[in-house]
Number of protein chains: 2
Amino acid sequence: MIIAVDAMGGDHAPPAIVQGAVQAVAESKDKLRIILTGKKQKIQKELKKYGWNKDLIKIHPASQVADSTVRPSQVVKKFPDSSLVQGIKLVKQGKADAFVSAGSTGAILSSALLLLGRIEGVRRPAIIVYLPVGAKGIVLCDVGANTEVKARHLLQFAIMASEYMNHMHGVRKPKVGLLNIGEEANKGREEYVEAHSLLSKVLPNFKGNVEARDLFKGNIDVVVCDGFVGNNLLKFAEGWIHHVHREVTSQLISDERNIDKSALNDIFTDIISEYEYEESGGSFLLGIKGICMICHGASPARAIKNAILSTAQSVKEKLVESIRVGISRTVAQIEII
Amino acid sequence: MIIAVDAMGGDHAPPAIVQGAVQAVAESKDKLRIILTGKKQKIQKELKKYGWNKDLIKIHPASQVADSTVRPSQVVKKFPDSSLVQGIKLVKQGKADAFVSAGSTGAILSSALLLLGRIEGVRRPAIIVYLPVGAKGIVLCDVGANTEVKARHLLQFAIMASEYMNHMHGVRKPKVGLLNIGEEANKGREEYVEAHSLLSKVLPNFKGNVEARDLFKGNIDVVVCDGFVGNNLLKFAEGWIHHVHREVTSQLISDERNIDKSALNDIFTDIISEYEYEESGGSFLLGIKGICMICHGASPARAIKNAILSTAQSVKEKLVESIRVGISRTVAQIEII
C-alpha cells in the first residue's frame, strides 16, 4: 500500500509531516509505503534526521506550495506543481492509494473534486469527523464541505458516514440521527424537516432528530448536519476543551489545599487528549473517487502519524468501493419511492 | 419592582420554582416582589414550607398548564388561563415589570410576541445566552428564536445583545463578532457574507468574523449567529460539560493512586458549575415590549433564583428602553446608507 503525503501543508510543515510519516511507517503492520510530495531538499534534510529507509519512503518533487489566500477553485490552475496538486495526481494516476494533507481544507476539497471527481451517484462530497464518545464513538457529517444543503444531501451524508462507521469502527448497522434543535419531526430549518421525512422512508436505522446535548449519550453512531453547523460545532468543541483545560490548570495552581494537584492534572489531561484532533488525526473527505484525509493545520507529528495510519486502514477496508455500493443502492431505492 | 413567575413551567415545577422565588426575594436588594402564576393550592402548599411572606410573594391563580405538545402559536388561544399566558398578561397590563418561566421556549416566544408585541423597529426577537468566559464573559445571540435569518436580522441581534452587555455586564462598547467558519469576509452562508458587509458599514465595534474555537479568547463580547447554529452550539456545550464531568468522576474512582479524590472532584465541580446554565439562570428574550426570561426546563431552585435576580437587574437597567433607542438609531442610519 502506498500513501501520498503532502509534506508542505500545515503550520508545522515540513518537519512535523516528515516525522509523522516516518513514525507511521514504523508503526504500520500493512507494509505501508509513503510518497512525500514537496520541495526535495527540505524533505531530504528532515528525513536524514531519522535514518531514512529509502525503500519505504520516497520523495515526489513539487516546486510549489499552494497559497492559502488563493481561491480554492484556482489552486489546480495556479499551483499545478504544488505538493497538494501533485499528491492528488499520484492517486489519480494509480501511483498512490490515498492522499493525506494538512493544507487548506478548501484547497484539498476543491482540487480533489476537480482531479479525482465524485463517486458515481454522489451529489456532494462531505467531510466527517470522528468523536471518541462512549464505547464506539460517533461520527459527525458534514463538518465543512457544504455550507448549504438539501435533504437529499443529508441522506447521502448518512449513507457515507454509516459506511465509515461500519468499516473503520466495526459498527455493523450504525444508528443514524439528524442533528436538530428538537426531537419533533417538524423542528428546524426547512431542509431538516424534509430530511427527517426522507431519511425515515429510506434508512432502516434512522432514529430521528437528535439534539446536540444528546450526542454524548451513546445511542447514536452517525449524526448528519450541514457543514456550516457541523464546522461550527467542531471548532466550538476544540476551543471549549482548551479553555476548560486552561481553567482547570490555573485553578489547581491557585488552590490552597494540600492535595496532589499533579494527579488531577494528569487525569484531566488524559481525558482531554482523547478529544483532541491529534488522536484521531484528521477528517476524511468522503464521496470522492479516492481517499483523501484532511489534517488540522496545526497538526504535530503525532496527529499526522495517526492520520496516515487511519488512511491506510480505510484503503484496506475499501471504503471508496463501499460508499459506491451504498450510494447506488439508495439511489435505486429513491427512484422506487 | 414586581416580577411575574410561571410557577407551573419546567420539569421541577412547582416546587423548584416556588423555592427559587422565595430565595430570590430573600437575596434581592431591590425591594423585589413576586407574583406566582398557576394552581393556587399547589403553590400555597409549597410556599408554606418556607414561612411565606404574603406582602412580597402573591399568587395569581391560573387553572391551566400549557401543554408542550400543542403548537406554540396556539398556546394563547388554547390555554388562555395557563400560568404562562396569565404571567405574560400581567406584564401587558402593567401589573408586573417582567416575566420568568421555565416552560417551553417556543410557547413563551410565541405568546410574548402575540401579547406584548415587538419593540418598534425590531424585525425579529431573539434569545441570548451569556457564557462566563474570561473576565467579562460573552453573549451569544440568537440561540433559538430564528432558525432562518437575513443579514439585517443579524445586525439587529448585534445591537440588542450589545445593549445587554452594556447594561447587564458593564461592557461599555461591546466588541461584536459574526460567528462563521472562517475569518475571511466571503466565508459561510450567503446571509453571513451579506451580514459581514452590512455590519462593517453600520457598527463601529464590529470586529469581523469569529470562528467558534476563538470564542474563548476574550477579545469579543458579543457573537451573533442564526438561532439554528446558536441553539446547536449551546446544547452541544451543555452535553459536553456533563460528559466531561462524568468522565472525570469515573476516572477518579478507578484511579489507583493514593490521592484525595473528593478534594479533586470538588475543584473540578466548581469549575464546571460555572458553565452550567444554573449559574446564569436563563436566557433573555430580547426585542419584545417587556422583559421575558426563559429558563432551562430542568432548572432547579438555584437556577430559578438566579434567573429572577438577573431579570430584576434588567428591569432596573431599563433594558427594553435601551434596545428601543439602539434599534431606532440604527434604523435611521441604514436609511441613510
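Biologist: What is the crossing of H6(B) and H7(B), left-handed or right-handed?

Modeller: The crossing of H6(B) and H7(B) is right-handed. A crossing gets that name if the near helix is turned clockwise from the far one by less than a right angle, and left-handed if anticlockwise. Please keep in mind that this is a predicted model, where local features need pLDDT of at least 70, side-chain atom pairs count only at pLDDT 80 or more, and totals for chains, interfaces and linings use all residues. Residues are numbered from 1 along each chain as its sequence is written, while chains are lettered from A and ligands numbered from 1 in the order in which they are written.

Biologist: Why is H6(B) called oblique to H7(B)?

Modeller: The axes of helix H6 (residues 151-169) and helix H7 (residues 190-202) of chain B come within 8 Å and cross at roughly 50°. Axes are lines fitted to C-alpha atoms, for helices over the stretch in contact, with angles from 0 to 180 degrees between N-to-C directions. Under 35 degrees is roughly parallel, over 145 roughly antiparallel, 65 to 115 roughly perpendicular, and the rest oblique. So H6(B) is oblique to H7(B). Helices here are DSSP runs of H or I with at least four residues, and strands are runs of E with at least two, numbered from the N terminus.

Biologist: What relation do chains A and B have, and how do you know?

Modeller: Chain A can be laid on chain B with an RMSD of 0.3 Å by a turn of 180° and a shift of 0.1 Å along the axis. That is the relation of a two-fold axis. Copies are superposed by least squares on the C-alpha atoms of residues with pLDDT of at least 70 in both. Also, 100% of the interface residues of chain A are interface residues in chain B, so the copies meet through the same surface.

Biologist: Why do S7(A) and S8(A) count as paired?

Modeller: Two strands pair if DSSP finds at least two bridges between them. Strand S7 (residues 176-179) of chain A is joined to S8(A) by 3 bridges, so the two strands pair. They run parallel, with A:Leu179 opposite A:Val210 in S8(A).

Terms used: Contact = placed C-beta atoms within 7 Å.
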